[in-house]
Amino acid sequence: MRDLVVAGGGPVGLAVALHAAAAGLDVVVREPRTGPVDKACGEGLMPGALARLAALGVDPAGVDLHGIRYLDPRHEAVARFRAGPGRGVRRTTLHAALADRVEAAGVPVEQRRVDLVEQREDHVLVDGEPARHLVAADGLHSPLRRSLGLDDPGPAAGRRYGQRLHVATAPWSDLVEVHWGPRAEAYVTPVAPDLVGVAVLSAEKGPLARVLGDFPALEERLAGADRTAVRGAGPLRQRSTRRVAGRVLLAGDAAGYVDALTGEGIALGLAEAEAVVAAVVAGDPGSYERSWSRLRRRHELLTRGLLGATRRPLLRRALVPAASAVPAFFGLAVDQLARPA
């Protein structure tokens with residue numbers, strides 16, 4: 001009987017597999033898609049995320065990032081990372097680097113999905129095959145979360161969506177730029193010497209060209225450059241009623257997600273990967289629920305607070321001017337986001 005089956009071969013699922021292998025567990029990853037798998041995301045790794053990847057022996061290629069710049073048409077605020085640089089990394093590059101490390105660790109990856117999960121007292125049946133535990137890391141709209149009755153749909157109001165494309169132009173800054181408009185934010189992240197990623201978060205589903213019209217200065221800078229196809233994701237806010245059900249544990253976006261506003265998704269997912277394996281090794285799956293809540297507490301407070309403010313037009317318009325007027329406070333907030341979860 002295997003110790004662990006990981007459903008989902010994205011970055012978090014692969015990180016779970018690496019931690020499990022390092023702990024001496026017999027682990028397999030099941031992922032129906034061939035990699036590397038792309039996804040609409042901001043592609044900026046915070047310093048804390050880089051540190052966790054380095055601990056796994058993963059060093060993806062990209063462009064060093066030294067902080068965050070908030071901009072609106074008349075103001076800007078800059079905060080530089082104090083704990084070392086982050087890195088702009090294409091999603092496919094990150095996935096490939098993790099997959100190579102998993103292969104080197106000798107962890108098998110099966111091109112199949114997990115369909116049927118049956119709980120037993122001392123094991124779980126995964127499509128009829130016994131395993132001691134199952135980790136569901138199958139993404140934002142996790143089919144396993146739904147099939148296990150752990151999905152919490154929540155209210156439809158306030159849902160947001162993300163879209164991303166790449167633009168063939170040399171980066172003009174070593175910072176992640178966040179352009180604030182009346183109804184959306186546009187994130188510009190250098191990911192290669194000749195490429196930037198542009199991700200937009202909005203309550204609107206698209207098209208992206210219309211939403212980018214809220215950012216004329218950014219559009220002018222990007223004018224004439226080749227652009228890739230647009231990828232979308234959402235609604236971003238997903239909730240689970242709990243993260244542990246018997247011998248099944250949820251990790252990464254499958255465990256719940258608030259918003260991409262703070263850029264902490266990968267850092268949190270990597271922290272959860274380590275915590276979920278620690279719970280399995282300890283023979284105490286329920287302890288992961290407590291670890292998950294502890295890891296998420298700071299992130300959820302920051303993200304929900306910022307989201308709440310930005311939904312009010314007056315507060316939204318005041319956000320960048322306030323960050324510019326009180327740079328120490330802005331720097332403190334960025335430091336909280338940059339440090340390891």
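Begin by selecting Leu125, whose bridge partner in β11 is Pro130. The model is predicted, so that local features need pLDDT of at least 70 and side-chain atom pairs count only at pLDDT 80 or more, while totals for chains, interfaces and linings use all residues. Residues are numbered from 1 along each chain as its sequence is written, and side-chain values use heavy atoms, with hydrogens and water left out.

**Around β11**

Next, show strand β10 (residues 124-126), which runs antiparallel to β11 and is joined to β11 by 3 bridges; strands here are DSSP runs of E with at least two residues, helices are runs of H or I with at least four residues, and both are numbered from the N terminus. The hairpin of β10 and β11 has 2 residues between the strands, and in this hairpin Asp127 takes a positive phi near 50°.

Move on to the open sheet with mixed pairing, whose 7 strands follow the order β6-β5-β13-β14-β15-β12-β16. Its edges are β6 (76-80) and β16 (231-233), and because each has a single partner strand, one side of each is left without a neighbour in the sheet. Neighbouring strands of this sheet are turned by 20° against each other on average, direction ignored.

Bring in helix α9 (residues 313-325), which lies across β5, β6, β13 (176-180) and β14 (184-192) and runs at about 55° to β6. Axes are lines fitted to C-alpha atoms, for helices over the stretch in contact, and angles run from 0 to 180 degrees between N-to-C directions.

Finally, display helix α8 (residues 286-310), which packs with α9 at an angle of about 115°, their axes being 6 Å apart. Leu306, Ala309 and Thr310 in α8 meet Leu315, Arg316 and Leu319 in α9, contact meaning heavy atoms within 4.5 Å. By class, this contact has 4 nonpolar, 1 polar and 1 charged residues, with Ala, Val, Leu, Ile, Met, Phe, Trp, Tyr, Cys and Pro counted as nonpolar, Asp, Glu, Lys and Arg as charged, and the others, Gly among them, as polar.

Note on methods. Pairing = 2+ DSSP bridges.
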